[in-house]
Amino acid sequence: MDNNATIHISYIGYLEQSIATAGQSAFNITLLEDTKALDEVVVVGYGTIRKEELTNAVSSVKSEDFVKGSITDAAQLIKGQVAGVNIINPDANPTGTSQIVLRGVTTLASGTQPLIVIDGVPGSLSDVAPDDIESIDILKDGSAAAIYGTRGTNGVILITTKKVRGETPTTIELNSYVTTQAITKKLEFMNAEQYRSLVTQKKPGAIDYGSNTNWVDEIFHTPFSQTHNVSLKGGNSNANYIMNINYKALQGLMLRSDNDVLTARIEANHSMFNGKLRINGSIIGFDQKYFSGGDGYSWRGDVYRNALIYNPTDPIKNENGKWTEHPDMNNYANPLGLINETEGEINITNFRPFGTITYYPTENLNFKLLGSKDIFNRTAGYAESFNHLNSLRENRTGFASRGTNRNVNNLLEFTANYSNSFGSHNLNLLGGYSFQQNVYEFYWMNNFDFPSDQYTYNNMSDGKALKVGRAGMDSYKESSKIVSYFARANYSFANKYMLMASLRYEGSSKFGNDHKWGAFPAISGGWNLLNESFIRNNKLPFSQLKLRAGFGITGTAPSSTYQSLSRLTYGNRYLLDGEWIPVIYPSSNANPDLRWETKEEINLGLDFGFFEDRLSGTIDLYKRTTKDLLWNYNVATPPYLYGSVLANAGSMENKGLEIQINASPIRSDEFIWNTSLNYSTNSNKLLSLSNEKFQLKSGYFYTGSTGEPIQANTHRVEEGKAIGNFWGFKTIDIDENGYWIIEDRNGNPKPISEQQPDDKQIIGNGLPKHYLGWNNTFFYKNFDLDITMRGAFKYQILNMTKMFFAVPVSLTRGNVMTTTYDNVYGKKPLNDFQELQYVSYYIENGDYWKIDNITLGYTFDIKNKPIKNLRLYLSGSNMFTFTSYSGIDPEVNSLGLDPGLDQRDRYPSTRSFTFGISLKF
């Protein structure tokens, strides 16, 4: 043997070794386990599982792979990172949160957002600071989510906060950054000079008031936001702690749009009796405050709309020093008056103590008791001054409202977990009980005609409206409970064949008397071909190769409580024997058959890897069928007491494909390039809206609204069709006078003045058919660069700003867009008297590709012992958008049954720039 020869040894699950022969002919080599490969775990419902034993469609993103930069909620950390999980932020409102669509629309009347679970306790995206998150795991298919029963239909997102493991010296970590924003795209409306040219042309509605005002510039400012996160941790394997404090002071692009949030988490762990008893205690909560520009909500979208359409020749204030207003015009207000003649504040506090006690009678068996109490309080106040436009219009002196809502969620869970290995057999058994109670209550009141507006909403009783019985008042309280028993078994043989089966038996107080309980089973299996001899012996370059298949049933409960009961309400009052007596009448019908929606899902998957996972990925193909869809059906009275009833009748189907590819094309001592690509597509079909008991005989219903003055529905939900279809008149031309020509029901042209309801047709769909994400990370010496890109394709958007304000007739309602008098269909502008119409001309392709986030960082070589790590970084978010869409931003609402509406009152989209510093002591 060559004395200088080297033997290279590699085997899946073990570290690669190089052994010099040094003239030897016999060798005794011990393979060292690659603990990262063998022990990498994925969080699943009520526990974890080794990644190589996973048989479900579950995606996991660790903190080192999170999106960097200015992050306002947990979902943005994985934006564009996971196939089939589509996360959008439709605007830059500082109080807004991400929208999540996971594998399409599966329901008609219930919520579509996935269940969020934080350290085992249900919560929301706002409950935890993004800097405090260690990993996010997404249960995408039914076999993975079935363990959560009626809450798992829309998928489950499991958030794990940062932990202390093993011996950890006292460590302090600081991450601080400042952010500024700029609008991504300004909509072009007439300036004062352009508007005056319309006055000169004597265009109907154009009036010159003699001033030059850029209303959009008046309501914008340059915002500066700051975020500071401090983490303190330490301890050993027996006792440890972690404390995290996060403060965000966010400013929006528009005046008085803000959001101040203080989030804190304290967690302590203690182990005793040689590790047999482990106690965990945590407190997590936040305090939030922001300006309330409307009665009960955060920001008035009509401020931006009015800044766009307010006459640019109008002065900001009149000769009397009052805001220039035109009370006779509907939905038309001085935007600065709306901002400055309003006082309001919303305060939210959330407090959630929770903890676990885990007992290990043996090494393989443990019992865990988890308890939590989630308390959410929201208090809102809003007031309009004597100079507010509504005071002028309504001839009143001031208006104020006050309200609060409180939600308390109690959770108690007990689980038992047994795991053991018997030779080549691995077994894990889980059993558990869960009790969850939710209590929601609120009150609201208003009053007006105050003697002074100095007290805003803090002197509610002084308004005259209360004394004459015209003040508003309301209160409400509801409660619901869920009781569950669940079990799961995981089995694997020789790391080749894996099987998982689970069952959740769940009862909910929201269901009818005859259907309080339901069963949600799941089964999945996997075949790890990599450990088969016919793969291993052929020296193929695989480092992963596993087939997966799963089937699971999940449910969806009604959004509101008491829907199965006959409820009563008070109506008008009638004079009886000299006394005004309120009439009591039914407000809903009893439905003892009300039950959960059932979603059945089949998932086929392939996990693969090549060249020591330098190239790896997953492919998932799924089909999900939702049965017993909830909807309100019109019914005859009698025999029913009320004209509609919530019932289960319809069915819907979703099919899709998801592909995730990860690669490390370059890996050297000084330069590393990691890249990942994900693609997903989904097709949706509403199979039925009826059953033998409840029928929607037309086979369709309308949803979505244009708002005034058009007042038309925008979408039609129809059997045999996809959710999200725009329904309206298809324009094909204009006539010689500049009026629309539409296509009739037979495909022939006709004047829009002769329109008939049955001339309407499908004119687009607001749900993207394809999503694509491409993420890249580069390391060069001490530099790191992250570039996140994503796109959505094959969908349409209704450009409502263009539909309302790029039409000559809108001059009678304010300013118009600069394109208003452009030629239509290459012929001539619309006629000055062509009324506003919801037509296909305003439906645009929404396809886009975004360079979404670019982050450049530098980590310093620190030799001073107190500082262990120092990193500076620059980041830009929503940097570049490539699209043919002419509106603000093609990233619009994707939730509900009317997706694709680019609303007139939309808060603008922004591009943000961040500078940050990270320190570790």
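**Patch, cores and rings**

Modeller: Keep in mind that this is a predicted model. On the nonpolar patch, at least two residues each come from strands S21 (473-493), S22 (497-508), S23 (517-528), S24 (542-556) and S27 (597-610).

Colleague: Which residues make the patch?

Modeller: Tyr-491, Phe-493, Tyr-497, Leu-499, Ile-523, Trp-527, Phe-534, Leu-547, Phe-551, Ile-602, Leu-604 and Leu-621 make a nonpolar surface patch of about 1,000 Å².

Colleague: Where is Leu-547?

Modeller: Leu-547 is in strand S24.

Colleague: Switching to the inside. How many residues are in the largest nonpolar core?

Modeller: The largest nonpolar core has 52 residues, and Ile-219, Tyr-304, Leu-798 and Tyr-838 have the most contacts inside it. At least two residues each are supplied by helix H4 (215-219), helix H5 (302-309), helix H6 (335-340), strand S35 (740-743) and helix H10 (800-805).

Colleague: Which element gives the most to this core?

Modeller: H5, with 5 residues. Another core, of 27 residues, lies apart from the largest one; Val-61, Ile-100, Leu-125 and Phe-354 are among its members.

Colleague: Now rings. How many aromatic pairs does the structure hold?

Modeller: There are 32 aromatic pairs. One of them is Phe-442 with Tyr-476, a tilted pair at 6.4 Å centre to centre with 50° between the planes. This pair links distant parts of the chain, since Phe-442 is in strand S20 (residues 425-448) and Tyr-476 is in strand S21, 34 residues apart.

Colleague: What about Tyr-841 and Tyr-842?

Modeller: Tyr-841 and Tyr-842 form an edge-to-face pair, 5.4 Å centre to centre and 90° between the planes. Tyr-841 counts as partly exposed, at 25% relative accessibility, whereas Tyr-842 counts as buried, at 2%.

Colleague: Which residues do ring pairs link into a cluster?

Modeller: Tyr-433, Tyr-485, Tyr-505 and Trp-517.

Colleague: Last topic, charges on rings. What lies over the face of Phe-448?

Modeller: Arg-396 does, at 5.6 Å from the ring centre. There is also Lys-850, whose charged end sits over the ring of Tyr-848, 5.7 Å from the centre of that ring.

Notes:
Residues are numbered from 1 along each chain as its sequence is written. This is a predicted model: local features need pLDDT of at least 70, side-chain atom pairs count only at pLDDT 80 or more; totals for chains, interfaces and linings use all residues. Side-chain values use heavy atoms; hydrogens and water are left out. Patches are made of residues with over 30% relative accessible area and no salt bridge: like charges are joined within 9 Å, nonpolar side chains (Val, Leu, Ile, Met, Phe, Trp, Tyr) within 5 Å. Accessible areas come from the Shrake-Rupley method with a 1.4 Å probe; for residues, only the protein chains shown count as cover. A salt bridge is a side-chain nitrogen of Lys or Arg within 4 Å of a carboxyl oxygen of Asp or Glu. Helices (H or I, at least four residues) and strands (E, at least two) are DSSP runs, numbered from the N terminus. A nonpolar core is a set of buried Ala, Val, Leu, Ile, Met, Phe, Trp, Tyr and Cys residues joined through side-chain atoms within 4.5 Å. Buried means under 20% relative accessible area, exposed over 50%, partly exposed in between (1.4 Å probe, protein chains only). Rings of Phe, Tyr and Trp (its six-membered ring) pair if their centres lie within 6.5 Å; planes under 30 degrees apart count as stacked, over 60 as edge-to-face and the rest as tilted. A charge sits over a ring if NZ of Lys or CZ of Arg is within 6 Å of the ring centre and within 35 degrees of the ring normal.
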